[in-house]
Amino acid sequence: MTITDTHAHLYSEAFEEDREEMINRALDAGVSRFFIPAIDSEYIDAMYDLERKFPEQIFLMAGLHPTHVKENFREELAIVARQLEERKFYAVGETGIDLYWDKSSLSIQQEAFQYQIQLAKKYKLPVVIHCRDAFDEVFEVLEREKGEDLSGIFHCFTGTYEQAQQALSYNLKLGIGGVVTFKNGKIDKFLDQIPLEEIVLETDAPYLAPVPYRGKRNESSYLIEVLNKVAEIYGITPKEISDRTTQNSREIFGI
Ligand SMILES: [Zn+2]
């Protein structure tokens, strides 16, 4: 069984003490492909280190996280652009809009988001989208950028059925993570109406640990809990879910 974690910050300081053991626990559990979203330039070296240690399993993205869009965002975006020019990445992200932490930076978040979508198109890469308390604002940018050359993942999807349909209409897949195991997570109520071709699995480690680890540090081996819950919702085996969602991840990332 090959399980793919399409979104994990495995370079995070949360794993400083046991990073390799944590990754080996995931590999033992069958989680053997990890797509690694960027945050900002501070983390680039840690990301490259991780890739050097696990070159067959680790696939990097380049991008600027919406909660890290600050006054210096143009310099940060220039670094992202340079990275993309210099070497292979598998996606641009994570990018998007987060109004939970900071509403005052909306306009620069939108600018940074739109620019990163354009970078993704330039390099024919998917875009990995973070959206928190900002569906309307994210959709506004996607409306401007929609088209055949737009593809990617709506990461940690937590919206309604209608918002899911809208995300799919932009040629985006839904990233399903720990929230699907939460009692108040809501997406479990309609997920089985979303075709399996349209979803991928993710942890967002070290954040958003699934039940029974909710509130603790998340890690990629816990993706099994998400996998089992999604299998239960669709009424098919975990193996069928892991095969299909891994296939979906290959189609999106090209590996
Ligand atoms: Zn993330």
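What arrangement do the four donor atoms around the zinc ion make? They make an irregular one, because the angles they subtend run from 86 to 175°. This is a predicted model, where local features need pLDDT of at least 70 and side-chain atom pairs count only at pLDDT 80 or more, while totals for chains, interfaces and linings use all residues. Residues are numbered from 1 along each chain as its sequence is written, and side-chain values use heavy atoms, with hydrogens and water left out.

**Zinc site**
- The zinc ion's protein donors are His 7 (NE2), His 9 (NE2), Glu 94 (OE) and Asp 204 (OD), sitting 2.1 to 2.5 Å from it.
- Donors here are N, O and S atoms within 2.8 Å of the metal (3.2 Å for Na, K and Ca); water is not among the atoms, so sites may look incomplete.
- Along the chain, the donors are spaced as H-x1-H-x84-E-x109-D.
- His 9, in the loop between strand 1 (3-5) and helix 1 (19-29), and Glu 94, in strand 4 (residues 91-98), link distant parts of the chain, 85 residues apart.
- Helices (H or I, at least four residues) and strands (E, at least two) are DSSP runs, numbered from the N terminus.

**Burial at the site**
- His 9 is buried at 2% relative accessible area, and Glu 94 is buried at 1%.
- Buried means under 20% relative accessible area (1.4 Å probe, protein chains only).

**Cysteines**
- The disulfide count is zero, taking a disulfide as a pair of cysteine sulfur atoms within 2.5 Å.
- Cys 131 is in no disulfide, and its nearest cysteine sulfur, that of Cys 156, is 9.7 Å away.
- Cys 131 counts as buried at 11% relative accessibility, and Cys 156 does at 16%.

Key: Tetrahedral: all angles 85-135°; square planar, octahedral: opposite > 155°, others 65-115°. Buried < 20%, exposed > 50% of the residue type's maximum accessible area, 1.4 Å probe, protein only.
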